[in-house]
Amino acid sequence: MEKKKNRIVYTEIPMRTWRWLGVNEGEISADLMMRTAIKGRMYVKPGQNESMSHVCRNSDREICQVAVGENSRYKVTSVVLAPDDGEWAGVMKIRVDAGGSVQVNVIYLGGRKNLSSIEIELVGDDSSAEINALYFASDHEKYDMNFIIRQMGKRTTSSMNVYGALGGNADKIFRGTLDFVKGCCGSVGNEKEEIILLSEGVRNRTVPLMLSGEDDVDGHHAASIGRMDEDRLFYLMSRGLDEEEAKRLVLEATFAPVVNLIDNEELKSEIQAAINRKVLKCL
């Protein structure tokens, strides 16, 4: 982390040559950095299946470290519903041993500044990682996401699936890195982001990055950026829905791949209510 006066650059793409593009601007106040971080550590024993769900409703700084043992399965769901005037910063680091797998589901719907760093190392052969993310920034909110999956073992598998919407004068950066480390032969990685722009005033920066020190790998990345489909909105409104309801349904369908991964119905309802509030702000 690089310190600038009373601000600290919290997350960076793992290549200095990209700095001139202005994509390493995820800064939080030094005051928040001085707060005692909420810390969590977990070890999933070999052959075990574990899951964890966490909801943040305050301005906080959080650090989570997880080790996934051989042939283990781990699912973590993190939902950020920080207050509109709040600031949230989180770091998640996960190591996965041979035959293990991890699924990370993250939803960002709060905070005027929201910074997230997720770093996964697939150190064991035949290990796998999946990140599913949803974000919705409106007003003058600033969201910064830095996801890195390092594929180190042989025949590892990774995927990043990111779905987002931006309205008002929101400013967002997403950096997604798949790093195929030398020796990870036979590994496969996929990364995609789908973004809906709801106003003229938003600023979006999407930086997919693929690094490869190994020849025998298969990596793919894609990004889809555009406005909400006017034909779809017209169709829905011609069936009697108003603009708010139509936009809500389109976003609901866009976000469904992530929301449907949540088992807690009460939490699903809270997430939907937060999305609806943001839709109203973007009308």
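Q: Which residue in β12 is the bridge partner of leucine 122?
A: This is a predicted model, in which local features need pLDDT of at least 70 and side-chain atom pairs pLDDT 80 or more, while totals for chains, interfaces and linings use all residues. Residues are numbered from 1 along each chain as its sequence is written, and side-chain values use heavy atoms, without hydrogens and water. Strand β10 (residues 113-122) pairs with β12 in the parallel sense over 10 bridges; strands are DSSP runs of E, at least two residues long and numbered from the N terminus, and two of them pair if DSSP finds at least two bridges between them. In β12, the bridge partner of leucine 122 is glutamine 151.

Q: How many of the 10 residues of β12 are buried?
A: Buried means under 20% relative accessible area, with exposed over 50% and partly exposed in between (1.4 Å probe, protein chains only). Strand β12 (residues 142-151) is mostly covered. Of its 10 residues, the number buried is nine.

Q: Which strands stand at the edges of the open sheet of seven strands?
A: The sheet has the order β4-β6-β8-β10-β12-β14-β16, with parallel pairing. Each edge strand has a single partner, so one side of each is left without a neighbour in the sheet. These edge strands are β4 (38-44) and β16.

Q: What is the average twist from one strand to the next in this sheet?
A: The open sheet is made of seven strands. With axes as lines fitted to C-alpha atoms and angles running from 0 to 180 degrees between N-to-C directions, the twist averages 5 degrees.

Q: Which residue in β11 is the bridge partner of valine 106?
A: Strand β9 (residues 101-108) has eight of its eight residues buried: Ser101, Gln103, Asn105 and Ile107 on one side, and Val102, Val104, Val106 and Tyr108 on the other. Eight bridges join strand β7 (residues 73-80) to β9 in parallel, and here tyrosine 74 stands opposite valine 102. Strand β11 (residues 128-137) also runs parallel to β9, joined by eight bridges. In β11, the bridge partner of valine 106 is alanine 133.

Q: How many disulfides does a search of the whole structure find?
A: A disulfide is a pair of cysteine sulfur atoms within 2.5 Å. Cysteine 184 is buried, at 0% relative accessible area, and its sulfur is 7.3 Å from the closest cysteine sulfur, in cysteine 185, too far for a bond. Cysteine 56 is buried as well, at 2%. The number of disulfides found is zero.

Q: Which element gives the largest share of the lining of the largest cavity?
A: The structure holds one cavity of 30 Å³ or more (points on a 1 Å grid over the protein atoms alone where a 1.4 Å probe fits but cannot get out, with lining residues having an atom within 4 Å of a point). Its volume is about 40 Å³, the space filled by probe spheres set on points joined across faces, edges and corners. The lining consists of Phe174, Glu191, Lys192, Glu193, Thr206, Pro208, Ala222 and Ala223; β15 (187-197), β16 (203-212) and β17 (217-227) each give two or more residues. The largest share, three residues, comes from β15.

Note on methods: On a 1 Å grid over the protein atoms alone, a cavity is a set of points where a 1.4 Å probe fits but cannot get out, and a pocket is an open set with protein on both sides within 12 Å along at least five of seven lines; lining residues have an atom within 4 Å of a point. Helices (H or I, at least four residues) and strands (E, at least two) are DSSP runs, numbered from the N terminus.
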